[in-house]
Amino acid sequence: MDSAVAPVRRRQRLMLRLSALANRVALSSRLTIGLTIAAVVISLATAINLAESPLGADPAINVALILIDLMVVLPLAGLIAFRIVLLWSARRQGKAGSRLHARLVLLFSFVAVAPAIVVAVFSAAMFEFGIQSWFSSRVGTALRESVQITEKYVDEHIIALQADIRNLASDINESALELMSEPQRLPDFFNRRVRERGIVGASVFDEFGRVLVGNVGSFSPANETPANLRAAISRIRRDGDIVLVARRGEHNIRAITRLTIFFDSNLYLYVSRPIEPTLRSHMMRMKEAVDEYLMLEGQRSGMQIGYFLLYGVVSLLLLLAAVWLGLYFANRMIRPISELIAASERVGKGDLSVRVRSFGQDEVANLSRSFNQMTGELERNREELVEANRQVEARREFTEKVLEGVTAGVIGLDAGRRINLPNRSASDLLGIDLESRIGEKIADIVPEFGEMMDRVERNPARRHGSEIVIHRNDRARTLMVRLAAERLGSETVGYVLTFDDITDLQQAQRTAAWADVARRIAHEIKNPLTPIQLSAERLRRKYLKHIETDPEVFDTCTDTIIRQVDDIGRLVSEFSSFARMPAPRMKENDLRTLCRQAIFLERSAHPAIAYEFAKSQTPLHVLCDGHQIGQALTNLLQNAANAIEEQGGPEGSGLDSGSGPAGTIAVTIDDDEAGITVSIADTGPGLPTDMLHRLTEPYVSTRAKGTGLGLAIVRKIMEDHGGELRLKNDYSTERKICGATVSMAFPATVRADKAARPVPADA
Ligand SMILES: Nc1ncnc2c1ncn2[C@@H]1O[C@H](COP(=O)(O)OP(=O)(O)O)[C@@H](O)[C@H]1O
Ligand SMILES: [Mg+2]
């Protein structure tokens with residue numbers, strides 16, 4: 001795995017270093033421009049050199065030019081190869097714009113190369129045809145024939161010269177006899193003849209070169225070199241005819257012949273004839289040209305190769321320069337586009353802070369500017385949105401804090417009456433974790449609210465409120481519920497449900513009202529009770545023995561009066577004790593002892609019931625009003641006994657007959673961190689579930705003889721001690737009620753050894 005990854009990494013690193021180098025070297029515009037200018041200058045110089053002397057160029061210069069060309073070609077080719085490798089790698093890496101870049105480079109290069117190739121082919125063809133026509137046979141013959149023409153011309157002159165000299169010689173030979181007789185006539189005769197024949201220069205000279213008659217100067221034999229002259233004379237002697245002194249390349253042509261008449265005297269005739277000077281120079285040049293032509297024709301193939309080489313190098317140079325320029329411009333063109341693409345990718349990933357550079361005034365620059373404007377606008381909008389969101393969030397947080405702070409339950413519902421935003425009090429009051437049930441319909445979770453929800457839907461404009469009793473965990477709570485619809489125009493967008501637990505308030509109100517009634521009744525009834533009772537007892541004592549008819553009736557009636565008055569007295573004293581519940585006098589008491597005493601009293605009153613109390617010797621000292629706690633315990637034990645006896649039969653009898661215990665009452669004390677709890681559990685019929693929440697209210701009783709004050713008093717005592725009274729039913733495994741457990745829960749602070757509060761002095 002590692003061995004496969006390592007080369008890739010190494011290659012990537014290499015590529016990175018290469019592109020860094022490229023940015024420094026290959027992309028340097030100065031280098032590019034320099035190389036391109038050098039290429040153009042060099043190729044121009046080569047072209048000019050070729051044009052000036054296409055065939056006769058100095059080979060040394062050609063070689064030097066080719067070398068210089070190569071010096072530019074090689075780095076250019078290297079750089080281009082390098083650029084192409086970079087481009088290829090960028091494409092492989094999928095860099096932004098690399099595809100477009102490659103395509104542009106290809107296009108540019110093609111555009112640059114295509115004309116170069118066309119020109120190259122065209123020039124090669126032209127060159128081929130040019131050279132071919134240069135060396136065509138017609139040109140060759142024309143050249144050769146023109147040389148022949150000039151030669152013919154000279155030959156004609158020579159023939160004319162020969163005719164001249166022959167005629168002049170025969171003239172002299174014919175008149176030789178006369179002239180010999182009169183030698184003084186010779187010059188006249190000679191000059192006349194020369195003139196008649198139209199000869200330019202003629203003279204007669206002896207074998208030593210001395211001129212006897214005729215022209216002196218430029219047309220005399222004295223101009224000839226002695227060697228030439230001697231050679232000519234010896235040839236005449238041998239061949240005996242006319243001899244030409246020189247043929248070509250001179251200003252004139254000359255001929256010499258022997259005058260036969262002076263046989264013995266050895267005299268010679270010298271005639272010269274000038275040649276046209278322009279014709280001569282023409283001839284010279286033509287000859288040179290033809291010679292050169294013939295030489296070149298010999299070297300033709302070698303030269304052609306050289307020419308092609310030079311041309312090829314120049315073409316290559318121009319081609320490379322074109323490709324390089326193509327690369328350079330493609331690079332320059334693509335750079336802003338690549339930047340734009342990369343920037344768009346970053347914007348796509350959420351980075352709105354990107355900006356691209358924009359140069360110039362062209363469309364790409366406009367695009368870059370628009371892009372920057374767009375991202376700027378987007379960024380500003382996003383910032384505004386974020387800010388707005390932050391404010392909304394802050395407001396929401398504040399609202400939530402407020403909602404959390406209030407003791408009332410508040411639930412925000414959406415238009416579909418689904419839970420949206422509950423506060424903690426709502427969850428606490430309903431005994432349901434509403435946070436985990438957001439999105440559910442409120443009517444499914446709290447069916448008691450259903451009816452009210454229907455009402456508000458029928459009449460959303462009004463605020464609705466009502467007291468709703470909900471039952472949770474064997475407890476009924478009375479909630480004051482208010483419901484209001486949130487409306488936007490005529491449309492309901494949600495609801496706000498607020499509610500408060502008014503159970504305790506209601507109880508307190510009722511308790512207060514009853515206490516007031518109790519006080520009045522006690523006051524009004526208690527006073528006449530004692531005289532009534534005393535009077536009834538007196539009547540009975542005094543008159544029973546005097547009654548003769550039906551003394552039993554009298555006895556029963558007075559007895560009933562006394563008993564009922566007694567009952568009423570107890571009732572009234574209970575009333576007044578409830579109404580005038582004094583503040584507890586806190587003292588250190590052993591809770592176990594208090595329980596034991598209460599159980600002892602009850603056990604003697606209800607021998608049929610089995611009492612269980614875990615015997616523990618370690619006292620549990622608490623700060624409490626021992627009298628009140630004892631009263632509370634007695635009340636609870638009495639209730640338990642009443643419940644068990646109630647179960648036993650409608651008349652409550654048969655228990656004394658003693659066939660095993662009718663029921664069990666178990667008293668336990670739990671002492672833990674949370675506090676101290678005294679629980680009294682019985683095996684009776686259990687608490688009436690339908691009125692469970694009201695049992696602790698005064699005067700709520702299910703018993704015919706009950707006052708309904710027992711639990712109310714216990715509750716009052718517990719509240720005065722900072723604790724509470726808890727009622728619950730016990731269930732058997734078949735989920736049937738198998739008794740009630742009533743608990744007195746004291747807070748942990750009630751412990752005497754831990755409690756810090758001062759013990760009030762006992763009165
Ligand atoms: N241990 C219990 N088992 C069953 N019901 C009980 C028990 N304790 C109290 N109750 C119910 O609570 C009611 C109220 O009790 P209480 O306030 O003591 O009044 P009273 O005893 O005068 O009826 C009783 O009438 C009875 O129905
Ligand atoms: Mg009672």
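Which residues come nearest to ligand 1? I began there, and found Asn 639, Asp 682, Ser 701, Thr 702 and Arg 703 nearest among the 17 residues around ligand 1; a residue counts as near if one of its heavy atoms lies within 4 Å.

A note on the source: this is a predicted model, where local features need pLDDT of at least 70 and side-chain atom pairs count only at pLDDT 80 or more, while totals for chains, interfaces and linings use all residues. Residues are numbered from 1 along each chain as its sequence is written, chains are lettered from A and ligands numbered from 1 in the order written, and side-chain values use heavy atoms, with hydrogens and water left out.

Next I looked up polar contacts, pairs of N or O atoms within 3.5 Å. An N or O atom in the Thr 702 side chain is 2.2 Å from an oxygen atom of ligand 1. For Arg 703, I read 2.8 Å from a side-chain N or O atom to a ligand 1 oxygen.

Then I checked the make-up of the shell. By class, I found seven nonpolar, eight polar and two charged residues around ligand 1; Asp, Glu, Lys and Arg count as charged, Ala, Val, Leu, Ile, Met, Phe, Trp, Tyr, Cys and Pro as nonpolar, and the others, Gly among them, as polar.

Last came the helices, which are DSSP runs (H or I, at least four residues) numbered from the N terminus. Helix α17 gives the largest share of the shell around ligand 1, three residues.

Key. A polar contact is a pair of N or O atoms within 3.5 Å; within protein, one must be able to donate a hydrogen and the other to accept it, and residues adjacent in sequence count only if both atoms are side-chain atoms. Helices (H or I, at least four residues) and strands (E, at least two) are DSSP runs, numbered from the N terminus.
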